[in-house]
Amino acid sequence: MTYFSSNYPRINYPISEANSPGLRNAQIGAIHAIGAHFALHEEDPALVIMPTGSGKTAVLNLSAYLLRAKRVLVISSSVMVRGQIKNEFSTLKTLKESKVFHTDLDTPRVKEIKSPIKSAEEWATFADFEVVVGIPNSINEGIAVLPDSELFDLVLVDEAHHVPAFTWSNIVRAFPRAKKIFFTATPFRRDKKEIEGRMAFNYPLAKAYEDKIFGEIGYYPVITDGQNPDLAIAKATEKVFNEDTAVGLRHYIMVRTETKEHAQVLSELYESQTTLRLQKIDSTKTYTFINKTIAKLRGGELDGIICVDMLGEGFDFPNLKIAAIHSPKKSLANTLQFIGRFARTNAENIGEAKFLAVPNDIEIGKRKLYAEGAVWNDIIKNLSQEVMDAEDEVKQAIDSFHYETTQANAEEISFYNLNPYCHVKIYKAEGIDLNGELMLSGQQTIHHAISTELNTVIFITKETEKPKWILSDELLNVKHYFFLVYYDEPTKLLFLHSSIKTPQFYDNMVEVFAVGDYTRVSKYQINKVLLDIVNPEFFNIGMLNRSAHSGESYRITAGPNAETTIKKSHSKNYANGHVFMKGNTAGNKMTVGYSSASKVWSNAYEKIPNYVKWCQVLAAKIVSTREVKTNTAFDDLPIGKVVDSFPLPAHGATWNNTTFSEPPLLYKLEDDEIVETYQLLDFDIELDKANSTLNILLFELIFQGIQLKLSYDFDNYFLYVEEPDFEFIVEEAGHQIPLLDYLDECPLQIYLDDFATIGNHEYYAPPSDANFHFDNSKIQAFSWANTDVKREFYSTTAQKAGNGNLNSIHETLQAKLMADNYTLLIYDHGQGEVADFVSFMDLPDRVEINLYHIKGSGGNAAGDRVNDVYEVCMQAVKSQVWTVNRQSFNHKILQRTNGNLHKFLAGNHAIFQALMSNGKRLQFLFTIVQPGISQATFSPKLSYILAAADDSITNSGYLPMLVIGS
């Protein structure tokens, strides 16, 4: 029999009482929990959580006997603790004093690794020992020459929160068949990496106080009153030390800082400004020097030490009771370890542990620990337990997943370490198909897991492809993709997270996983994610131009406090587009953003269970009936209300702002081959008002002989009224999708008779009439003698002859423009036009370009021609898309005039190219020509239309719109 097996029957479990030594409550619970764990989970590491000072080393020692180990490897965090553990095993001092073992029990043979392992032969010598103790650096160096992975059958890891680090994990994995116990006081890390193991025992910090393992702790804020903070802390520390000594307390000091340089400054300051006897120690000091310093401390020759991250984990000196914190620790784990050094009670003549620091705003575990008035006794207990409970909850939730991936495809990965970015697209659905299969061309599924408890599905896929610049398969790129689907049953909302963020891919995902009917969540509902956010600060705000006469321009304001740039006047033209902001909710800092595409995001990464919780919080807000109030200028931007029919007949339509800002190509396909390529923006949108109703809108897309007849309604979105003979697809951001899918994702902006707008089923009320007035004195009167003002143009000479040879409006205006002697004059009337006429004037400092848009009058005389004015204004504003820069305009004009030399009424291609390349600034003007407009018969409604169009043009940076009437 081995040493530990033969001595297993000699274990006693005495309970420590007032006058009787024995095991503490924490130790009894821990050792029995370890036994229970390995009875059920022999292959899983046991995670034992015990606060600093609760007797962890004794449990570590006793576990070797309980599990009847053959040979034990102990991994320690530091040289000092390594020596303490070696002494405990060599002497069994604590276990014998606690009456766990009789004093005559033989002790195990213990090897302390004091230098790195270099050879297999050195490993072989460890077979002569029952216990081997070392620190990671010394052990890890020898793993490469480890001759026998079964040399140890029990691995004990002290301070196991270090295990995710390679130097630790590499050792643990080197002994795959050994039982493993991970001991720690803080089962969480600042980097959120997983501390492996199944939780076997968790002894709460609050229980440690109840069992009097921990004593009272107090935070004593040091007020500087303009004094040097270090000096103020030093003086306060001296005062507290002298007061404690005066009442008979044997308290000692630790002065804590971050750097050796600061430690030297503090050493000189304490020596010159106080009477305290302190010794500085740091990692440059030898082990012998540190031991001598500690001996002086214990012997009363020193009042304390100045420390740079020394004497932390595992250091046991209960009389260390005064902490002078010149540089606070900033992580919860380190802070709890630090506080644990001072809170112990197992010594005579000691009282409350006292922590002195200058108040600050450092947050530890979302609490301001160093705020004035902070009650550490309560904060530390609650904070520690909250974090541990959250950690336990995460692990239990991760355990709820069952894995569908075949072993052949699976790659080793812990779901605990999955930390996706908070970004989702949200749909309303009747349910979720948890068994839906995500099939991706060219990708291999390496993980597929389902949690019915969380109503969540996860896929991880892998794509392997060779770079385009190499012909062979010698080099390969490997990409991984992550997908998560969560369904919130109470709100009937489906959340999709995808590494592939194209519209069509989200549509494919929702088809796979949604049960029954589904719809995207409207922006009005998405806006509810801003509920209950206090002290908001906006970083990025998108404003959608909603005027019935504006181009689909999209204004973005960005920067700190972006909401302050929003003016009250913006509400007349702009609506809420997208937003990204930060604030506080329920006392926690957070960020949130959303877009009109039903997407919501936060600038955060979360573990899977917390990610699901984030979705649940969003879901509860989205279905809320409360109104969002940020109490900032952002509230002035109107947001659309979801409707299921047109409140009034539709009057016109134009493209989505995305279509204008990212102009897509439209392909005509025959037998899957592209036979024609068009700019989608070239197509005119013509409404079939006569056959449209308040429930369905009929319209056509027209360009160069193509007439696509479509409909829009509130149940099916966009459909073909007549299936075209050819297939039409749109290329967007490198992806090709059917035209109907594109329109569903980037729907038309539809204008109603009262100048309200509808987009994506959302209704925007028209701006108030009070916001728009056009000065009728700006209308340029023009004589239309010998002109049929109802006739915009003649398509044949016979039509003109049949109309008494009266000129059309185009002919009369052309004669006027020709007489104005422009450098260049282009007649561009037709489908996809830039304007009816485009004039160029080469001036000394600029090239002035005027875009003339013409509409015939609905009557023989000037009058209130609302429909006519409406349409011509829309043409003028829409044409802004071609003037955003020199390149776009140059390309469009060349496209329109190529092979059409008759379009040049004055000048030619060569003159156009010279004007475009002469380096002068281009100044664009927009002129509408409508004989039905006159100063004499000018109604408020016409004033409203013209003013809105003019406002759109001037807001885009152009000169005021010009109007030629009668």
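**View 1. Helix α21 and its buried residues.** Let's start with helix α21, residues 809–819, where the buried residues are I809, H810, T812, L813 and L817. They sit on the same side of α21, because they cover an arc of only 165 degrees around the axis. Here is a handy rule to keep in mind: an α-helix has 3.6 residues a turn, so residues three or four places apart point the same way. What lies over the buried residues of α21? The cover includes the strands β42 (824–827), β43 (837–842), β44 (846–854) and β46 (921–929). Following α21 you will find N821, which has a positive phi, near 55 degrees. Remember as you look that this is a predicted model.

View 2. Is H651 buried or exposed? H651 counts as buried, because its relative accessibility is 7% and the cut-off for buried is under 20%. Leaving aside residues up to four places away in sequence, H651 touches L687, K689, Y751, L752, D753, N867 and Y870.

View 3. Most residues other than glycine have a negative phi. D225 is not a glycine, yet its phi is positive, near 50 degrees. Look for D225 in the loop between β8 (217–221) and α10 (229–246). D225 counts as exposed because its relative accessibility is 72%, and exposed means over 50%. Now turn to D671, which is not a glycine either and has a positive phi of about 55 degrees. Where is D671? Its place is in the loop between β30 (665–670) and β31 (673–679). With a relative accessible area of 69%, D671 is exposed.

View 4. Rolling a probe the size of a water molecule over the atoms shows where empty space is left. How many cavities of 30 Å³ or more does a search of the whole structure find? The search finds three, and the largest cavity holds about 80 Å³ of space. Eleven residues line the largest cavity, and P51, T52, L205, F214 and L336 are the ones nearest its centre. Helices α13 (332–342) and α14 (376–399) each supply at least two residues of this lining. The largest share, three residues, comes from α14. Sorted by class, the lining of the largest cavity has eight nonpolar residues, three polar ones and no charged ones.

Definitions and conventions. Residues are numbered from 1 along each chain as its sequence is written. This is a predicted model: local features need pLDDT of at least 70, side-chain atom pairs count only at pLDDT 80 or more; totals for chains, interfaces and linings use all residues. Side-chain values use heavy atoms; hydrogens and water are left out. On a 1 Å grid over the protein atoms alone, a cavity is a set of points where a 1.4 Å probe fits but cannot get out, and a pocket is an open set with protein on both sides within 12 Å along at least five of seven lines; lining residues have an atom within 4 Å of a point. Grid points are joined across faces, edges and corners, and a volume is the space filled by probe spheres set on the points. Helices (H or I, at least four residues) and strands (E, at least two) are DSSP runs, numbered from the N terminus. Ala, Val, Leu, Ile, Met, Phe, Trp, Tyr, Cys and Pro count as nonpolar, Asp, Glu, Lys and Arg as charged, and the others, Gly among them, as polar. Buried means under 20% relative accessible area, exposed over 50%, partly exposed in between (1.4 Å probe, protein chains only). The arc is that of the directions from the helix axis to the C-beta atoms. Contact means heavy atoms within 4.5 Å.
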